[in-house]
Amino acid sequence: MKRYARITGTGGYLPETILTNHDLERMVETSDQWITERTGIKKRHIAAESQTTCDLSEMAARRAMEMAGKRAEDIDLIVLATTTPDRIFPSTACLLQARLGVSSGCPAFDVQAVCTGFVYALAVAEKFIRTDSSRCALVVGAETFSRILDWNDRSTCVLFGDGAGAVILEASEEAGILSTHLHADGRYESLLNVPYGLSDGYEHLEAGEAKVQMKGNEVFKIAVNTLGRIVDETLAANGLEKSNIDWLVPHQANIRIINATARKLSMSMDQVVVTVDQHGNTSAASIPLALDVAVRDGRIKRGETVLMEAFGGGFTWGSAILKF
Ligand code: COA
């Protein structure tokens, strides 16, 4: 009997503070009209100063565990995707493990693939389950991306937000994740990055200059083409037609990129889960947050076929196709 990894619970958490486009008009030279037309974003959530990525993760994780009917002792793997970990170490996954009271001594680790992080984390956890190394995994995408934004740079600060999403992934004989597809090409690092870190440009990090930089227009074009290719790759790997996909849950970077992928799949926007207007780009959190919204409002139902795709810094890109 084939062993699948199946999503049995989803959870999301958004910090209370909301920053609207009109709020941003008072901070940088921008307008609600420009942001709405170019990105589809109307507002984003921003973590309180005291809130960390682990705090956001905990809220999302507890909601996913509740939906799946799982307690801390049931979890035997934690994979957490983030670009904005609480600390240099321990990993945010280890901090979360302690916070949740997961006392099994199970593996817990972070993965870093920026906006593709959740797809990477899901793919890793799925392999643990398929190979019988895990029966019940907690997979989280969480960001306090506001901390690495230059709030004087209108070309980036209007795009991102904070949040966390989580899923419980369990071993099952019933169909779940059908395939995952991961890619990276480090030659593009200069188009989207934080140019400083611990072992490269530490003095800039200390000076508070380690902030997101992006050549948005170039990233946009490559993202649209790359996502088109990964959709083809994913369908071909499973012998599926576009019409077999019930739901697209894309990374939420820009409504124009999402529209282009939906067109490529000949999908009506009614079959596409869109949260970018409400959440902005929450990087690794965007897909699990969007999934949670559409599961909880009853759109995505058991047995339906869901395609997830993401593109981000690295460049990294990836997809997952699953029976929900
Ligand atoms: N408000 C008003 N004007 C702005 C602005 C803002 N917040 N940000 C940039 N502009 C200006 C630019 O300065 C530029 O002015 P100029 O023509 O006088 O030089 C003009 O708007 C057009 O800028 P451009 O960058 O070409 O716009 P765009 O149509 O490409 O839209 C993005 C910009 C960032 C919205 C778009 O490129 C994008 O979404 N890129 C991909 C982002 C992404 O997905 N990143 C993460 C991957 S996970």
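I began at asparagine 217, where an N or O atom of the side chain lies 2.8 Å from an oxygen atom of the ligand, and I counted this as a polar contact, which is a pair of N or O atoms within 3.5 Å, where within protein one must be able to donate a hydrogen and the other to accept it, and residues adjacent in sequence count only if both atoms are side-chain atoms. I then noted that the protein covers 73% of the 960 Å² of accessible area that the ligand has on its own, with accessible areas taken from the Shrake-Rupley method with a 1.4 Å probe.

I reminded myself that this is a predicted model, in which local features need pLDDT of at least 70 and side-chain atom pairs count only at pLDDT 80 or more, while totals for chains, interfaces and linings use all residues. I also kept in mind that residues are numbered from 1 along each chain as its sequence is written, and that side-chain values use heavy atoms, with hydrogens and water left out.

Next I looked up the surroundings of the ligand. There are 24 residues around the ligand, and Thr30, Arg38, Arg154, Asn217 and Asn254 come nearest; a residue is near if one of its heavy atoms lies within 4 Å. In threonine 30, an N or O atom of the side chain is 2.7 Å from a nitrogen atom of the ligand, whereas in arginine 154 a backbone N or O atom lies 2.9 Å from a ligand nitrogen.

I turned to the cysteines and found 0 disulfides in the structure, a disulfide being a pair of cysteine sulfur atoms within 2.5 Å. The sulfur of cysteine 115 is too far for a bond, because the closest cysteine sulfur, in cysteine 157, is 16 Å away. Cysteine 115 counts as buried at 8% relative accessibility, where buried means under 20% relative accessible area, exposed over 50%, and partly exposed in between (1.4 Å probe, protein chains only).

Last, I checked histidine 181, which is found in strand β8 (residues 177–184) and counts as buried at 10% relative accessibility. The side chain of histidine 181 makes a polar contact of 3.1 Å with the side chain of glutamate 233.

Note on methods:
Helices (H or I, at least four residues) and strands (E, at least two) are DSSP runs, numbered from the N terminus.
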